[in-house]
Amino acid sequence: MKLASLKNNRKDGQLIVVSKDLSRAVVVTHIASTLQQALDDWEVKAPLLQGVYQALCSGSLPDSFAFEPAKCHSPLPRAYQWADGSAYVNHVELVRKARGAEIPESFWTDPLMYQGGSDDFLGPQDDIVFAQDNWGIDFEAEVAVVTGDVPMGTSSVDAGSHIRLFMLVNDVSLRGLIPAELAKGFGFFQSKPSSAFSPVAVTPDELGESWRENKVHLPLISHYNQSLFGKPDAGQDMTFDFSQLIAHAAKTRNLGSGTIIGSGTVSNKQGTGWGSSIADGGVGYSCIAELRMIETIRDGQPTTPFMVFGDKIKIEMLDKLGQSVFGAIDQQVNKL
């Protein structure tokens with residue numbers, strides 16, 4: 001099934017069920033007012049929501065209405081936990097190679113992960129606003145899972161069973177602020193502002209055979225200023241699958257229902273082993289920084305600028321039939 005949250009005067013939005021083709025929706029207050037409420041009692045609420053979903057998709061709900069992504073929050077407008085991994089080590093390796101550093105061997109066996117701000121996510125079509133645009137504004141196209149309760153110490157063998165929903169992510173990054181923050185030895189904060197998630201969150205069955213090996217085997221498509229920028233396959237070159245990422249996050253703590261775990265920037269090796277742009281016949285990239293890394297490795301310096309006011313980014317994933325699975329994250333950078 002597919003779920004979303006309408007904007008209202010509550011911080012957590014109004015839960016709605018959305019049809020498979022993303023054309024219709026219906027309010028389900030009688031089951032749960034918010035997505036978090038549904039997640040907290042998933043074993044009871046999920047079958048009830050599934051029943052509504054089936055009726056909606058069959059066209060038998062007269063109180064349904066046209067689904068409008070622009071009126072939506074992210075499915076979880078705020079969450080108890082947002083932890084973003086870096087499952088595509090190709091991306092990490094490029095970052096380090098661009099500055100002449102080798103990747104530690106441990107990066108292939110122990111996932112990187114940071115804890116992001118989760119109290120104020122952006123809606124899927126909300127503007128990305130900053131006071132200035134010289135901070136190295138970048139998008140990062142990712143896939144994320146939403147979990148149920150995950151006990152501390154859950155193994156990677158069992159962690160996948162706790163996945164409830166999938167979403168897409170634009171993990172907005174301020175590249176110009178990252179080096180100084182990391183140099184302090186305390187991690188990201190100002191350099192990782194509010195992220196945005198797809199209009200719709202979907203249950204694993206919606207992905208069909210594309211969900212296997214604890215990975216989503218579909219291209220993640222990014223259009224930057226209306227031009228195709230990247231279409232890497234999210235299931236390819238994923239060093240750590242979602243079960244491994246969840247187990248990593250739960251090593252020393254319980255994860256509450258509604259925890260969001262991100263994949264990190266989706267990145268494929270291609271051709272030279274580092275990746276190729278769409279213009280060069282490759283699958284492109286899921287962030288500007290990765291293209292700049294390729295330019296640095298190839299030419300000695302980057303030439304592609306980061307985002308400035310007025311730039312637009314659209315992130316979407318299509319199924320095997322070419323239908324949008326999650327709806328699109330469709331945002332513009334604007335001045336605060």
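Reply: Buried means under 20% relative accessible area. Keep in mind that this is a predicted model.

Me: How many residues of strand S9 are buried?

Reply: Seven of the seven residues in S9, which covers residues 141-147, are buried, so the strand is largely enclosed by the rest of the structure.

Me: How are the two faces of S9 to be read, as covered or uncovered?

Reply: In a regular strand, side chains alternate between the two faces of the sheet. On one side of S9 are Ala141, Val143, Val145 and Thr147, and on the other are Glu142, Ala144 and Val146. The residues on both sides are buried, so both faces are covered.

Me: Which strand is joined to S9 by seven bridges?

Reply: That is S10 (residues 163-170), and the two run antiparallel. Ala141, for instance, stands opposite Asn170 in S10. S9 is also joined to S18 (residues 260-262) by three bridges, again antiparallel. There, Val145 has Ile261 as its bridge partner.

Me: How do I check a helix, and what span should H7 have?

Reply: The expected span is 1.5 Å times one less than the number of residues. Helix H7 has 12 residues, 288-299, so it should span 16 Å; its end C-alpha atoms are 16 Å apart, which agrees. Its buried residues are Ile288, Ala289, Glu290, Leu291, Met293, Ile294 and Glu295.

Me: Which residue follows H7?

Reply: Gly300 does, and its phi is positive, near 95 degrees.

Me: Which residues touch the most other members of the largest nonpolar core?

Reply: They are Phe67, Phe166 and Met317, in a core of 69 residues. Another core, of 30 residues, lies apart from it and includes Leu39, Leu49, Val52 and Val169.

Me: What is Met317 in contact with, leaving aside neighbours within four places in sequence?

Reply: Its contacts include Val143, Leu168, Val216 and Phe326. Val143 has already come up as one of the buried residues of S9.

Me: How far apart are Lys71 and Asn225 in space?

Reply: They are 22 Å apart, C-alpha to C-alpha, and 154 residues apart in sequence.

Notes: Residues are numbered from 1 along each chain as its sequence is written. This is a predicted model: local features need pLDDT of at least 70, side-chain atom pairs count only at pLDDT 80 or more; totals for chains, interfaces and linings use all residues. Side-chain values use heavy atoms; hydrogens and water are left out. A nonpolar core is a set of buried Ala, Val, Leu, Ile, Met, Phe, Trp, Tyr and Cys residues joined through side-chain atoms within 4.5 Å. Buried means under 20% relative accessible area, exposed over 50%, partly exposed in between (1.4 Å probe, protein chains only). Contact means heavy atoms within 4.5 Å. Helices (H or I, at least four residues) and strands (E, at least two) are DSSP runs, numbered from the N terminus. Two strands pair if DSSP finds at least two bridges between them.
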